[in-house]
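Biologist: I would like to learn how to read a fold and a chain contact. Could you walk me through one case?
Modeller: Gladly. Here it is.

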Amino acid sequence: MATEIICAGFGGQGVLTAGMLLINAGMEQGKNVLFYPSYGSEMRGGTANCAVKISETPEEQIASPVCKHPDIVLTMNGPAIDKFEGRLKPGGLLLVNSSIVPDDRTYRDDIKVVKVAATDIAKELENPRGANIVMLGALASNSDVFTAEYLREAIDSFFAKKGKNNPKNAQCFEKGAEVK
Amino acid sequence: MAKVLMKGNEALAEAALAAGCRFYSGYPITPQTEILEYLSWRMEDVGGEFIQAESELAGINMVLGAAAAGARALTTSSGPGFSLKQEGISYLVAADLPAVIVDVMRIGTGLGDIAQGQGDYWQLTRGGGHGDYRTIVLAPASVQENADLIYKAFDLSEKYRHPVIVASDAAIGQMIEAVEIPEFVDHDIDKFDWSIKGCKKGDEQRKIQNIYYTNPDYEDYLRDKYSAMEAEEQLYENIMVDDAEVVLVAFGISSRVCREAVQVAREKGLKVGLIRLITLYPYPVKAFEEAKNAKAFLTVEMNILGQMVDDVKLATGGKFPVDHFGSIFEIPETEGIIAKIEQMLKDVEKEEA
């Protein structure tokens, strides 16, 4: 079965880029992938999210674009948790940006919650726009969609192709991958 | 060419250029604006003409002019903008001109809204404008098909000297998938014996006008043209139809969900199949021949009136119950379709008892 991932946060936190990086990594492995942006009237600075599907094998076709019960929800802020935590599959992975989300927040007890200080880590590494990459590091090390090494390299090659590779991305990714 | 990640609308735009389209005129409207935006810079790379027209009417009529000169010409729109193009489409048909028009369907009647929808089925398949005509309508269900079908649309429109419509939708237009853009081909604007170009003094002038005035055998000409389309151009994909008791019928974004519904239903032991339409006109009646064990048909469409139900009844000779599962605000969900199928199977059983 295809892996279903939702990435959500404020506009500008890189959630759509995170989705693009995931499907690019999947495509480079020959898998079938689909990216579906949240679609409708949105305002600048409002919420943004995308649904991503990555097939298990190159043969498996992706049918519906709808992510009703995702395996993984990558959130960059509190409202994203409000919106998507309930839809996670039992046993699914919820990635929480603990730089922004209060530590005393409670979660469903049938899911795995991994708290990542993504915004702080990205700032410390002087790559403030790399919080999404920190999250992707944690996604790789806490799930079996991609190995951390593979995803890190796929991210670098995605940006390298656009001529804007930033070596600090790999550092952000590694810091994120340490969180378990 | 290697696969690349592209948005549906952009893949459609690039593949139109690959097919040799060198003239575009259109007007922005969500959710098709990325086609216009993409071509606004990319058309120049390939030496074509891009015009953001002052209105949809101007856009379609510029396409008519370019088509009359032999160019591969494209315009695109959505919702109310697509309605505005209907007069021009009718004129293209009357003048026997090839051209490609894209409708990236959106929700609603009147202005509607920018969300996904499939409410244009009647307008797309019954002519849409005034007069006695229909056009071939191709309905892509993936980013790859957005590319492949726009590419094919130009060939079909020249084969019949008739406009062809590509009926994409907001979901297919906005999603990103891996796509292989078809090979670039050159289109020779002077290859036709009917297109308008300059001529020497004394040579016979060519003109493009309503062929009603020029073709003495217009009635048979029309009969033959549409018979040929109906005989030769039906396109569809059948998924597990031969033993299916309930056969889903869908196109575009709805067919993607139906594909998942068939998988889920089969895992539950329900005999369900899918006829996925690729042409909406000509209606793929041939696809229904394979449904030998069908007891009922269910159309799944993003509209409320079940616009395709009548066509399924016609294709099946009115011998089976045909029901409709519709939604407009959200893409239909697999669970809802499965529940509907289970209800239909119960009803059929009751009827048989």
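Modeller: Start with a helix on a sheet. Helix α12 of chain B, residues 334-352, lies across β10, β11, β13 and β14 of chain B. It runs at about 160° to β13(B). Keep in mind that this is a predicted model.

Biologist: In what order do the strands of the open sheet in chain B come?
Modeller: The order is β9-β11-β10-β13-β14, five strands with mixed pairing. To find the edges, look for strands that pair on one side only: here β9 (236-239) and β14 (322-326) of chain B. Neighbouring strands are turned by 20° against each other on average, direction ignored.

Biologist: Which other helix packs on this sheet?
Modeller: Helix α10 of chain B, residues 252-267. It touches β9, β10, β11 and β13 of chain B, and its direction makes about 165° with that of β11(B).

Biologist: How do β10 and β11 of chain B run, parallel or antiparallel?
Modeller: Parallel, with five bridges between residues 246-250 and residues 272-277. For one position, take Val247(B), which stands opposite Gly273(B).

Biologist: Now the contact between the chains. How many residues does each chain give?
Modeller: Chain A gives 16 and chain B gives 19. On the chain A side, α1 (15-28) and β2 (33-37) each supply at least two residues. The largest share, five residues, comes from β2(A). By class, that side has eleven nonpolar, four polar and one charged residues.

Biologist: Which strand of chain B does β2(A) join?
Modeller: Strand β8 of chain B, residues 176-179, through two bridges. The two strands run antiparallel. Phe35(A) has Ile176(B) as its bridge partner.

Biologist: Next, the backbone. Which peptide bonds are worth checking for cis geometry?
Modeller: Look at omega. The bond from Thr30(B) to Pro31(B) is cis, with omega near 10°. Pro31(B) lies in the loop between β2 and α2 of chain B. The bond from Tyr281(B) to Pro282(B) is also cis, with omega near -5°. Pro282(B) sits in the loop between β12 and β13 of chain B.

Biologist: And phi? Is Asp96(B), with its positive phi, buried or exposed?
Modeller: Asp96(B) has phi of about 60° although it is not a glycine. Its place is the loop between α5 and β5 of chain B. Asp96(B) counts as buried because 20 other C-beta atoms lie within 10 Å, and the cut-off is 20 or more.

Biologist: What is the phi of Glu126(A)?
Modeller: Near 55°, again positive in a residue other than glycine. Glu126(A) is found in the loop between α3 and α4 of chain A. Glu126(A) is exposed, with 10 other C-beta atoms within 10 Å.

Conventions:
Residues are numbered from 1 along each chain as its sequence is written. Chains are lettered from A and ligands numbered from 1 in the order in which they are written. This is a predicted model: local features need pLDDT of at least 70, side-chain atom pairs count only at pLDDT 80 or more; totals for chains, interfaces and linings use all residues. Two strands pair if DSSP finds at least two bridges between them. Helices (H or I, at least four residues) and strands (E, at least two) are DSSP runs, numbered from the N terminus. Axes are lines fitted to C-alpha atoms, for helices over the stretch in contact, and angles run from 0 to 180 degrees between N-to-C directions. Two residues are in contact if their C-beta atoms, placed from the backbone, lie within 7 Å. Ala, Val, Leu, Ile, Met, Phe, Trp, Tyr, Cys and Pro count as nonpolar, Asp, Glu, Lys and Arg as charged, and the others, Gly among them, as polar. A residue is buried if 20 or more other C-beta atoms lie within 10 Å of its own, exposed if 12 or fewer, and partly exposed in between; C-beta atoms are placed from the backbone.
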